[in-house]
Amino acid sequence: MQLEDRVAIEDVEQEAWEVLEKSIMYYKGRPVGTIAAIDSTVDALNYDQCFIRDFVSSALLFLIKGRTEIVRNFLEETLKLQPKENQLDAYKPGRGMIPASFKVVVSPSGEEYLEADFGEHAIARVTPVDSCFWWVILLRAYVVATKDYSLAYQSDFQHGIRLIMELSLATRFDMYPTLLVPDGACMIDRRLGIYGHPLEIQSLFYAALRAGRELLVCQGNQDIVTAIDNRLPLLRAHIRKHYWIDLNRLNAIYRYKGEEYGREAVNQFNIYVDSLPYSELDRWLPRKGGYLAGNVGPSQMDTRFFTLGNLVAVISDLASEEQSQAIMNLIEKRWEDLVGDMPMKITFPALENEEYRIITGCDPKNIPWSYHNGGNWPVLMWMLAAAAIKTNRVCLAERAIAIAQTRLKDDEWPEYYDGRRGRLQGKQARKYQIWTVAGFLLAKELINNPSWLPLVSFEPFTAEQVSRACEFELNSFDT
């Protein structure tokens, strides 16, 4: 690398750290998070708040750099915002939920307090299902980085984890091991046809279950620990079997019969063959590549590629080792579609024409190849880096980072990019978006020091756990 190139890269990183530092939110003199963006050219709306999902990227960076106090403060303060009592009021959040975001408010008397948003102020009043899972995943990352188990073992933290697990594992109107959620319940927080059992939620659910299983001590929580042990193998088997798409699986679905009844049914979700875009998938799927479908439910298989769900599935071992390699093969072979000029597409392909109008409700922000509907989100770089380390495909992450660092500083760190290749700065993207900054820096930190991967990944299952998983899978409804 030439000297001027090295200097330019150092300038990009230096500015990124400076922007991150400016974003830190303080509450009663203590750092408690980072605001979503520091773009002063537009109305703040809720971008001056700290979002749980957004802060994870920054938090992992702070842990790597030894600045653990801000992460601990964040975990403690957000836990206090979690409702601890059952609510019969339909307009109040359920017990155990973690808010989507929070902000510091100063009362007329000058006293500071935190105001949480559980979706009641959000556009379309979306429910932040993923906040609970990101919170547990981050708590585990804090413990892994600091070896400070005492925090997680405090009674209020044990109770908080238990409430999240109860909320996720409780009796429900459902017969699958996956989690049923409304549209807009995750990073894609607007209508995009992902209601039901979207992959992103299932991947985060699985990672949070594994994190919760490590953190919960059995005293008083044995029932929850048993429930987690029961659910994990069922969820893993269900996703690996029913969500997987490659050429072999596509051929099997192509020959499905419909209207089957009973336990012996092969087409268990009654997927109608004509509902799948076979001609497009046949051209797009590489021979040695595959991925997990975006959603599976009654007569539904959403064949769009959702990046976050697939990458978290790789990082958390929800996908098998063979499937993980196939997912990375797909990203490599379809680089122009999934990465292009800015890592990387949140979903592919975009909804267009009548499909866009019906499924998004003519959402002007989610027009084809924009925002959630086929936009490129730099924050996803850190997940690509983690998945690349996990699968020994580091060159893919290095290639993505090399693309990003040529543009992000000059473009003023936008929230997302538009267009089929991500060449356009997002039409309504905030500048100096903090998880864009943190996602870039975190990707570089992980690649430079892969030993930090255990912050977000897990140890392989023991022989006893594998044996137990096989027992559960053999007795699951899939048989």
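Q: Why is the contact between R95 and E166 called a salt bridge?
A: In this predicted model, the closest N and O atoms of R95 and E166 are 3.3 Å apart, and because a salt bridge requires a side-chain nitrogen of Lys or Arg within 4 Å of a carboxyl oxygen of Asp or Glu, the pair meets the definition. The pair links distant parts of the chain, with R95 in the loop between α3 and β4 and E166 in helix α6, 71 residues apart.

Q: What makes R95 and E166 partly exposed rather than buried or exposed?
A: R95 has a relative accessible area of 28% and E166 one of 24%; since buried means under 20% and exposed over 50%, both residues therefore fall in between.

Q: Why is R162, which also forms a salt bridge with E166, called buried?
A: The relative accessibility of R162 is 16%, which is under the 20% cut-off, so R162 counts as buried. Its closest N and O atoms with E166 are 2.8 Å apart, and both residues lie in helix α6, 4 residues apart, about one turn of the helix.

Q: How do you know that K431 and E412 form a salt bridge, and which parts does the pair tie together?
A: The N to O distance between the side chains of K431 and E412 is 3.2 Å, which is within 4 Å, so the pair qualifies.

Definitions and conventions:
Residues are numbered from 1 along each chain as its sequence is written. This is a predicted model: local features need pLDDT of at least 70, side-chain atom pairs count only at pLDDT 80 or more; totals for chains, interfaces and linings use all residues. Side-chain values use heavy atoms; hydrogens and water are left out. Helices (H or I, at least four residues) and strands (E, at least two) are DSSP runs, numbered from the N terminus. Buried means under 20% relative accessible area, exposed over 50%, partly exposed in between (1.4 Å probe, protein chains only).
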